[in-house]
Amino acid sequence: MRRFSSRLVFDMDFATLAIVFAAIGAGSISKGATGMGMPLIAIPFLASVFGLQHAVAVLVVPTLVTNIWQIWHFRAYRRDIRMRFLAPMLPAVVVGVAIGTWLLDSMPERGLTLALGLLLVGYVVFRLARPSFIVEGRGAFYGAVPAGLGAGVLHGATGISAPIGVTFIHAMRFERGPHVYAVSAMFLTLVCTQGPALWVAGIMRPEWLLQGTLALVPITLCMPIGQWLASKLSPQAFDRLILAFLGVIGLKMAVGV
């Protein structure tokens, strides 16, 4: 076991780890500030360098750890009556991830990358065009299953669920606390289903898992920066910066440059 681990560390050159650390560190700043954004920022960048399967696999451990922490931190909101929509949404997420992981393993990577780029651009356009859109009450409850299924398929296939899942939750116009709790519950369900699915599909490699584990170092350093920024920068200004970044990355992935 010791020799196997040493070989994995030896095989990972400094440049690879530096890229992984930079991408996940940048995503951690957004995660600390808004409760989301790590996969949205890290996966498009990592996928453009290493490929989509590599990017998705590396994010498993960081996504698991950060969302466990945030659910614990905001656990008081689990009793909020507005969280009822999670009951039908989370089982649908599990089904969707299984379907999406099969697509990741069977579809051409260029097709998935193109789809992800177009979805990111569409997400940005929707957020800018419909800033006042809101989902609440029965709409939230009955929309939870299709939103959860769509988010799961998208996450399983691309590692990113925000264009569907976060858009749905964001449309409920929660305050920061319940919003972070809700999206973290969704993300945790996604990654707890996706991790085993990647192993079963033969996609996860031991060195990618180790890279994700080592990436907990920049996460520990960068998430507090995001929390500090959240207290200094208006949510609207920070949100627009993230949307601009996502729009550029989405166009880059869509056109394949």
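# Close-up views

**View 1. Arg82 has a relative accessibility of 33%, so it counts as partly exposed.** The cut-offs are under 20% relative accessible area for buried, over 50% for exposed, and in between for partly exposed (1.4 Å probe, protein chains only). This is a predicted model: local features need pLDDT of at least 70, side-chain atom pairs count only at pLDDT 80 or more, and totals for chains, interfaces and linings use all residues. Residues are numbered from 1 along each chain as its sequence is written, and side-chain values use heavy atoms, with hydrogens and water left out.

Arg82 lies in the loop between α5 and α6 (86-106). Helices are DSSP runs of H or I with at least four residues, strands are runs of E with at least two, and numbering starts at the N terminus. Beyond its neighbours within four places in sequence, Arg82 is in contact (heavy atoms within 4.5 Å) with Phe174, Glu175 and Pro178. Arg82 and Pro178 are 96 residues apart in sequence, yet 8.6 Å apart in space, C-alpha to C-alpha.

**View 2. Ala182 sits in helix α10.** Its relative accessible area is 0%, so Ala182 is buried. Leaving out residues up to four places away in sequence, Ala182 touches Met83, Phe85, Leu86, Ile169 and Phe174. Ala182 and Arg82 are 100 residues apart in sequence. In space, their C-alpha atoms are 9.6 Å apart.

**View 3. Helix α10 spans residues 176-201.** The helix has 26 residues and reaches 36 Å from its first C-alpha to its last. That is close to the expected 38 Å, where the expected span is 1.5 Å times one less than the number of residues. Helix α10 is mostly covered, with 20 of its 26 residues buried. Gly202 follows α10 and has a positive phi, near 75°.

**View 4. Thr16 belongs to helix α2 (residues 14-34).** Thr16 counts as buried because its relative accessibility is 12%. Its contacts, not counting residues up to four places away in sequence, are Phe50 and Gln211.

**View 5. Helix α2 packs against helix α12.** Two packed helices are described by the angle between their axes and the distance between the axes. For α2 and α12, the angle is about 35° and the axes are 6 Å apart. Axes are lines fitted to C-alpha atoms, for helices over the stretch in contact, and angles run from 0 to 180 degrees between N-to-C directions.

**View 6. Helix α5 (residues 60-73) meets helix α12 (residues 216-232).** Their angle is about 45°, and their axes are 11 Å apart. The two helices, α5 and α12, are therefore oblique to each other. Under 35 degrees counts as roughly parallel, over 145 as roughly antiparallel, 65 to 115 as roughly perpendicular, and the rest as oblique. The crossing of α5 and α12 is right-handed. From α5 come Val61, Pro62, Val65, Thr66, Trp69 and Gln70. From α12 come Leu216, Ile219, Met223 and Gln227.

**View 7. The chain has 13 helices and zero strands.** Of its 257 residues, 51% count as buried. Among contacts in the chain with a separation of 6 or more, 84% join residues 24 or more positions apart.

Note on methods: A crossing is left-handed if the near helix is turned anticlockwise from the far one by less than a right angle, and right-handed if clockwise.
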